[in-house]
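Have a look at the model below. We'll start with its charged side chains and then step back to the whole chain.

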Amino acid sequence: MRRFRWRLQRVLDVTVQREKALRAELFGLSRRIVRLRQEIVRRRADLRSVLSDLAGRSFDERIARQEVFMRCAEAVEREIARLEADARDLQARRTERSQTFMRVRSSRQTLERMRREAFDQHTREQLKLEQKQFDESAQVSFARAALSGAGAAEEGS
């Protein structure tokens, strides 16, 4: 049987590699988003912890430290806002990459379906050729047998 070669195999291979790269990028973006969100939660927890510690102090001590805390808290809140903006940007990028990934995956699935159909068509054609060769071989064998039988009948008469 003749070997199956599909003209679009290289396109399929490139599409599969692209899908793998996009999947890896999506996982990387997801991990970065998770890390940013964890950092935001940690920083807010630190602020709450310092605030509760400050609330447990005496009034005079609390008033003295409250001004420093407020300045630090303001800086931390700006940093948290920056981290949240980064997380939103990464989420938007992840959404965009996710849509690209879905298009590439759909393309890969279509190419794989086309390849299966081409392979099935190739297999059918090869089976037809084999059947044709078998039929021709059988006809030649029958004709030889008929000729040798006719030749034997003439010799016998």
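A search of the whole structure turns up 17 salt bridges, each being a side-chain nitrogen of Lys or Arg within 4 Å of a carboxyl oxygen of Asp or Glu. This is a predicted model, where local features need pLDDT of at least 70, side-chain atom pairs count only at pLDDT 80 or more, and totals for chains, interfaces and linings use all residues. Residues are numbered from 1 along each chain as its sequence is written, and side-chain values use heavy atoms, leaving out hydrogens and water.

Here are some of the pairs:

| Salt bridge | Closest N and O atoms |
|---|---|
| Asp46 and Arg42 | 2.8 Å |
| Glu79 and Arg43 | 3.7 Å |
| Arg71 and Glu67 | 3.5 Å |

Asp46 and Arg42 sit 4 residues apart in helix 1 (residues 9-55), about one helical turn. Glu79 is in helix 2 (residues 59-156) and Arg43 in helix 1, so this pair ties together parts that are 36 residues apart in sequence. Salt bridges with shared partners link Glu39, Arg42, Arg43, Asp46, Glu79, Arg82 and Asp86 into one network.

Now for the whole chain. The protein chain has 2 helices and 0 strands; these are DSSP runs (helices H or I, at least four residues; strands E, at least two), numbered from the N terminus. Its radius of gyration, taken over C-alpha atoms, is 38 Å, well over the 15 Å that the globule rule (2.2 Å times the number of residues to the power 0.38) gives for 157 residues, so the chain is more spread out than a compact globule. The C-alpha trace spans about 140 × 25 × 15 Å along its principal axes.
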